[in-house]
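Take a moment with the sequence and the structure below.

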Amino acid sequence: MELKKITTRVLAAGVAAATLFSVAACGSGSDSADTKDDGSEMTVEVFDSLANSQGLQKNGWFAKIVKDKFNIKLNIVAPNVSGGDTVFDTRSASGNLGDLVIVGTGNGRLNKLVKAKLITDMTPYYSSMKNVKKYDSAVKSITKQAGKDGVWGVPQGVSSQSPTEPSEGNEPGAAPYIRWDIYKEIGYPEIKDLDGLLDVLKQMQDRARQDTGKDDIYAMSLFKDWDGDVMQNAASICNWFGYTNQGSVFISADGKDVQPATKEGGIYQQALEFLNKAESMGLVDPDSTTQDWDTMQTKVTNGKTMLSIWSWLGKPRMNSDENKAKGVGFMLAPLENMKVYSAGFQPNGDGSTIVAIGSKAKNKARLAKFIDWMYSPEGLYAASSNSGGTSCPKSLGCFTTDKDGKNPTLTDFGKQAMTGDHASLKVSDKLGGSTYDDGYSKLNFKAVSQNDIDPNTGEAYNPLLWKSNQDETALFKDWSAHMDNATNDIDYLQKAGKLAVAAGASYTAPEEDSTISATRSSIKTATVQSSWQGITAKNNAAFTKTMKDLRTKVDELGYKDVLKVDQDNAKSLINARKAIVKEAK
């Protein structure tokens with residue numbers, strides 16, 4: 001989250017919050033059971049670090065479902081929208097975060113929340129939370145993280161599936177996706193490795209320019225918005241080969257290799273070298289060093305790029321029903337040496353965000369029932385959004401089932417809600433009125449993995465995985481015919497032995513020393529700057545020198561100490577993966 005400039009007043013609030021966290025007695029919440037509830041209408045204030053809109057959600061279909069079922073209205077406080085981390089500091093200092101709290105637990109925050117008595121121990125209500133209790137190991141993992149006995153919150157993204165099975169459903173997050181229609185035009189050439197991919201992308205760029213008469217089409221377009229410890233675009237290319245980064249190190253899915261981003265010839269530098277070669281071949285959009293995400297993704301929508309680093313970039317913006325019917329769109333490339341990173345299902349949730357009850361909340365038993373409902377099939381469908389994920393509710397007319405409650409099938413309304421023009425989709429007054437977009441849940445909290453199985457239907461909550469919803473378009477059929485008749489991307493990768501699943505362990509790095517954090521900040525800046533310089537280097541010698549200079553610079557900045565922390569954290573993550581696999585057996 002972007003940190004905003006802090007005024008003297010806000011800084012004082014932050015100091016007050018720190019003081020509050022350091023002295024547990026400053027909190028005045030009580031963990032005793034709150035059983036008094038007259039059932040009257042209640043406005044519930046939700047401190048929600050995931051929400052992208054704030055205010056009272058009083059109208060629309062989700063609000064009606066919640067009002068009818070619990071007689072509550074949700075008033076959302078969203079730091080993402082206004083105030084950033086200072087909102088958390090200020091409200092913490094006041095001793096009242098909110099009635100419901102959806103918050104990240106990293107860097108020791110959960111332990112501080114518990115010590116400061118800002119959240120409630122839900123133990124008195126836990127025995128009746130039958131849906132949440134299905135994920136008891138996840139709740140216990142939060143207790144362990146809190147450092148104190150009690151039920152302090154429930155993590156999001158929990159699952160009942162095996163931690164060694166890919167959680168993404170039908171497509172991985174990061175993998176090489178190409179404009180399949182242009183690839184078809186040049187004769188489906190084989191792609192053995194990254195150098196081969198560059199050769200194919202050059203042919204595709206040339207062909208697309210020839211087809212359109214436009215010379216502003218490039219094989220790839222990059223952006224800087226999401227850079228952190230490393231250059232994010234390059235880090236995602238590392239995912240194509242089974243690695244993910246945590247801090248400044250890259251960890252293989254099988255846990256057998258942990259390497260710093262600065263490693264000479266390492267996976268991260270291989271990704272940078274690929275992008276540098278692409279630049280030297282004229283395949284990289286020259287606006288890449290200055291444009292933002294919005295500008296870049298608009299170019300993808302307008303057909304100006306041939307490569308999508310992620311499935312969720314190219315496909316949603318190019319693969320409309322109309323385009324797919326004509327065979328146009330992005331599809332997974334047959335890169336022979338890829339071993340795509342996949343995150344396994346997480347029985348204990350994502351380990352980074354929980355929903356909890358605030359210590360000052362009234363009618364806590366009712367709030368516990370609401371949280372429990374969020375983890376039920378009904379609650380999961382109700383929490384659907386317009387960005388995919390679970391289907392919207394059956395009660396809203398989104399899908400039907402057969403007489404036995406099986407074979408879920410999207411209705412026309414459901415198809416439009418999940419994949420079409422949902423902004424103008426009208427909802428009847430009886431079901432909440434207004435439009436679908438106006439009515440969907442603004443909590444942005446995904447209690448259970450969307451690809452987990454609904455026990456009622458026997459199929460995933462995600463309609464893209466339903467048997468009734470398989471792709472039959474010209475684009476998909478042509479892709480499948482050239483990819484061993486695969487039913488989807490994950491199916492192809494699994495059959496071809498090109499998927500590297502990292503066991504779905506919940507792990508949150510511990511709070512780090514302020515000196516390490518300060519050094520890390522300098523390391524980040526140097527690494528990201530050198531990464532972009534390396535991509536735009538004029539030749540291989542200049543690229544090699546840039547990488548060598550980076551290694552020297554970070555060593556001088558004290559990288560040894562930061563690396564030790566990141567290596568220790570990587571070891572803990574790997575051990576957590578081993579433990580969750582053992583626990584699941």
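**Rings, charges and a sulfur link**

Trp180 and Tyr183 are both buried. This is a predicted model. For Trp180, the relative accessible area is 1%. That is under 20%, so Trp180 counts as buried.

Where do Trp180 and Tyr183 lie? Both belong to helix H7, which covers residues 180-185. They sit 3 residues apart, about one turn of the helix.

Now look at the rings themselves. The structure holds 26 aromatic pairs. Trp180 and Tyr183 form one of them, and their pair is tilted. The ring centres are 5.0 Å apart, with 55 degrees between the planes. Trp180 also pairs with Tyr188. This pair is tilted too, at 6.0 Å centre to centre and 50 degrees between the planes. Both angles fall between the cut-offs of 30 and 60 degrees, so neither pair counts as stacked or edge-to-face.

Is Tyr188 buried or partly exposed? Tyr188 has a relative accessibility of 23%, so this residue counts as partly exposed. Trp180 therefore pairs with a buried residue, Tyr183, and with a partly exposed one, Tyr188.

Which residues do ring pairs link into a cluster? They are Phe223, Trp226, Trp293, Trp310 and Trp312.

Rings can also have a charged side chain over the face. Arg109 lies over the face of Phe88. The distance to the ring centre is 3.7 Å. Lys224 lies over the face of Trp532. Here the distance to the ring centre is 5.1 Å.

Last come the cysteines. A disulfide is a covalent bond between the sulfur atoms of two cysteines. How many disulfides does the structure have? The count comes to 1. Cys392 and Cys398 form this disulfide, with their sulfur atoms 2.0 Å apart. The cut-off is 2.5 Å, so the pair of Cys392 and Cys398 qualifies. The angle about the S-S bond is -110 degrees, and the link is left-handed.

Cys238 is another cysteine to find in the model. Its relative accessible area is 0%, so Cys238 is buried.

Key
Residues are numbered from 1 along each chain as its sequence is written. This is a predicted model: local features need pLDDT of at least 70, side-chain atom pairs count only at pLDDT 80 or more; totals for chains, interfaces and linings use all residues. Side-chain values use heavy atoms; hydrogens and water are left out. Rings of Phe, Tyr and Trp (its six-membered ring) pair if their centres lie within 6.5 Å; planes under 30 degrees apart count as stacked, over 60 as edge-to-face and the rest as tilted. Helices (H or I, at least four residues) and strands (E, at least two) are DSSP runs, numbered from the N terminus. Buried means under 20% relative accessible area, exposed over 50%, partly exposed in between (1.4 Å probe, protein chains only). A charge sits over a ring if NZ of Lys or CZ of Arg is within 6 Å of the ring centre and within 35 degrees of the ring normal.
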